[in-house]
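The following paragraphs guide the reader through one protein structure. Please keep the sequence and the model in view while reading.

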Amino acid sequence: MSARMAAPPATNENVRKSMRGNKRADTRPELVMRARLRAAGLSGYRLQWKVPGHPDVAWPGKKVALFVNGCFWHRCPHCNLSLPKSNVEYWVVKFARNVERDEQSRAALEALGWKVHVVWECQLKKKTIDATMAKLLPALAEELGKELAAGSDGRPG
């Protein structure tokens, strides 16, 4: 695993406030995902379950895990994101460590017999969410041995 670098000081107070405002759990993409899961009848999940990577949503009894990854922090393969312009060396190491940790968590869960799904923040935007759910919800329903709610496209009521 990579060595940790000390975080550089924030360039100004607004940057500091913005960075401190980043939440670990209950982010907007996670809340959108959970609303869609409930609407589809796929409830009964646990949040931040205590297995490798602490999946955002997990069905421990069925060994199904769902990660809702932010595009910036986890380096989305769909978004061609640039690096921050200052303190580039720090960010390169930070992002590489995040991606490495995500891969290790996924591999550890799969080694334990879990089915792992990763949904990216950009896949939950208005233009892409319906296509994302059309693929994800039937797969989850099958793995969980559940029926999707009648006529469900996963849209909240």
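Gly61 sits in the loop that links β2 and β3; helices (H or I, at least four residues) and strands (E, at least two) are DSSP runs, numbered from the N terminus. This glycine counts as exposed because its relative accessibility is 79%, where exposed means over 50% relative accessible area, buried under 20%, and partly exposed in between (1.4 Å probe, protein chains only). Although 83 residues separate Gly61 from Leu144 in sequence, their C-alpha atoms are 9.0 Å apart in space.

The model is a predicted one, in which local features need pLDDT of at least 70 and side-chain atom pairs count only at pLDDT 80 or more, while totals for chains, interfaces and linings use all residues. Residues are numbered from 1 along each chain as its sequence is written, and side-chain values use heavy atoms, with hydrogens and water left out.

Lys63 counts as partly exposed because its relative accessibility is 35%.

The protein has 5 helices and 4 strands, and from the N terminus on its elements run α-α-β-β-β-α-α-β-α. The 4 strands form an open sheet in the order β1-β2-β3-β4, with mixed pairing; two strands pair if DSSP finds at least two bridges between them. At the edges lie β1 (46-47) and β4 (115-120), each of which pairs on one side only.

Strands of a sheet pair through backbone hydrogen bonds, in either the parallel or the antiparallel sense. Between β2 and β3 the pairing is antiparallel, over 3 bridges, and Trp59 stands opposite Val64 in β3. Between β3 and β4 the pairing is parallel, over 6 bridges. Here Val68 stands opposite Val119 in β4, and Asn69 stands opposite Trp120 in β4.

How many residues of β3 are buried? The count is 6 of its 6 residues. In a regular strand the side chains alternate between the two faces of the sheet. In β3, both faces are covered: Val64, Leu66 and Val68 are buried on one side, and Ala65, Phe67 and Asn69 on the other. For the protein as a whole, buried residues make up 33% of the 157 residues.

The helix α2 lies across β1, β2, β3 and β4 and runs at about 140 degrees to β3. Axes are lines fitted to C-alpha atoms, for helices over the stretch in contact, and angles run from 0 to 180 degrees between N-to-C directions; contact means heavy atoms within 4.5 Å. Helix α2 (residues 28-39) also meets helix α5 (residues 129-144), the axes coming within 11 Å and crossing at roughly 55 degrees. That angle makes α2 oblique to α5, since angles under 35 degrees count as roughly parallel, over 145 as roughly antiparallel, 65 to 115 as roughly perpendicular and the rest as oblique.

In this contact, Val32, Met33, Arg36 and Leu37 of α2 meet Ile129, Asp130, Met133, Leu136, Leu137 and Leu140 of α5. These residues divide into 8 nonpolar, no polar and 2 charged, where Ala, Val, Leu, Ile, Met, Phe, Trp, Tyr, Cys and Pro count as nonpolar, Asp, Glu, Lys and Arg as charged, and the others, Gly among them, as polar.
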